[in-house]
Amino acid sequence: MASTPTDRGLDRLMSFTDGAAAIALTLLILPLVDVASDIEHSSLTTMLGDNASLLLAFAITFAVIARFWYTHHQVFEQVQAYDGALLALTLLWLFGIVSFPFSANVLAYTPADGDPWVSGFYIGTMLFTSLWVVAIELYLRRHVELLRDADPTGLRLGGAVSFCVVLAVAMIVAVAVPSIGLLSLLLLLVVDPAERLVAAARRA
């Protein structure tokens, strides 16, 4: 497929992407809508306490999807045209996004002492989605004609790669040490400080 101008083709692609992400966010709340009926048999505090894991999974996953959408949005702010390969990479990224409601429900409904692979599966969904962000940025760096300014320096490829590496480590830790589980995602807090240190070292 030849490169497509921004005016209609790219706008439709972005509208489709935004819509799919919005639907994924909406699907997250549906299990909570279902459990809301329990309030007729108990108090609000009891209902919330009984569904704490579901609420936590909703909050975390909402933030995760929002972060991925924002990252994708920032990348495509620099894009003026697309081709078949960029479209395919975006659809693969969307596959990860729309998988989050499923992995979040698996996480929420698994007992605390359940299968340790559940946390790994959830983090793996994050890693899968992040890898396609890296793939998109790599592709755009090699096809600068798709960028508005033909300048790939605005693509923070190093940060995306670091994010993937830390996610891979977090997934291994979550599976190997089940008692840690999703707390291994706290490792992501080191990504931004590490990037700043590297950037400062390069300027020195």
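**Close-up views of a predicted all-helix chain**

**View 1. Thr125 is a buried residue of the predicted model.** Thr125 counts as buried because its relative accessibility is 8%, and the cut-off for buried is under 20%. The residue belongs to helix α5, which covers residues 117–142. Which residues does Thr125 touch, once neighbours within four places in sequence are left aside? The contacts are Gly96, Ser99, Phe100 and Ser103.

**View 2. Met126 is in contact with residues from several parts of the sequence.** Neighbours within four places in sequence are again left aside. Val64 and Phe68 are among the contacts of Met126. Phe100 is another. Leu167, Leu185 and Leu188 complete the list. Phe100 is also in contact with Thr125.

**View 3. The largest nonpolar core holds 47 residues.** Which of them touch the most other members? They are Phe76, Leu86, Ile97 and Met126. Helices α1 (6–35), α3, α4, α5 and α6 (157–176) each supply at least two residues of this core. Helix α5 gives the most, with eleven residues.

**View 4. The largest cavity has a volume of about 40 Å³.** How many cavities of 30 Å³ or more does the count give? The count comes to one. The lining of the largest cavity consists of Leu28, Leu54, Ala57, Phe58, Ala104, Asn105 and Ala108. Two elements give two or more residues to this lining: α3 (52–76) and α4 (84–109). By class, six lining residues are nonpolar, one is polar and none is charged.

**View 5. The whole protein chain has seven helices and zero strands.** Along the sequence, the pattern reads α-α-α-α-α-α-α. The chain has 204 residues, and 38% of them count as buried. What share of the contacts with a separation of 6 or more joins residues 24 or more positions apart? The share is 77%. The chain exposes about 11,200 Å². Carbon and sulfur atoms supply 67% of that area.

Notes. Residues numbered from 1 in each chain as written. Predicted model: local features only at pLDDT ≥ 70, side-chain atom pairs only at ≥ 80, totals over all residues. Heavy atoms only, no water. Helix = DSSP H or I, 4+ residues; strand = E, 2+ residues; numbered from the N terminus. Buried < 20%, exposed > 50% of the residue type's maximum accessible area, 1.4 Å probe, protein only. Contact = heavy atoms within 4.5 Å. 1 Å grid on protein atoms, 1.4 Å probe; cavity = no way out; pocket = protein on both sides within 12 Å on 5 of 7 lines; lining within 4 Å. Points joined across faces, edges and corners; volume = space filled by probe spheres on them. Nonpolar A, V, L, I, M, F, W, Y, C, P; charged D, E, K, R; others polar. Core = buried A, V, L, I, M, F, W, Y, C linked by side-chain atoms within 4.5 Å. Areas by Shrake-Rupley, 256 points an atom, 1.4 Å probe, with all protein chains shown as cover.
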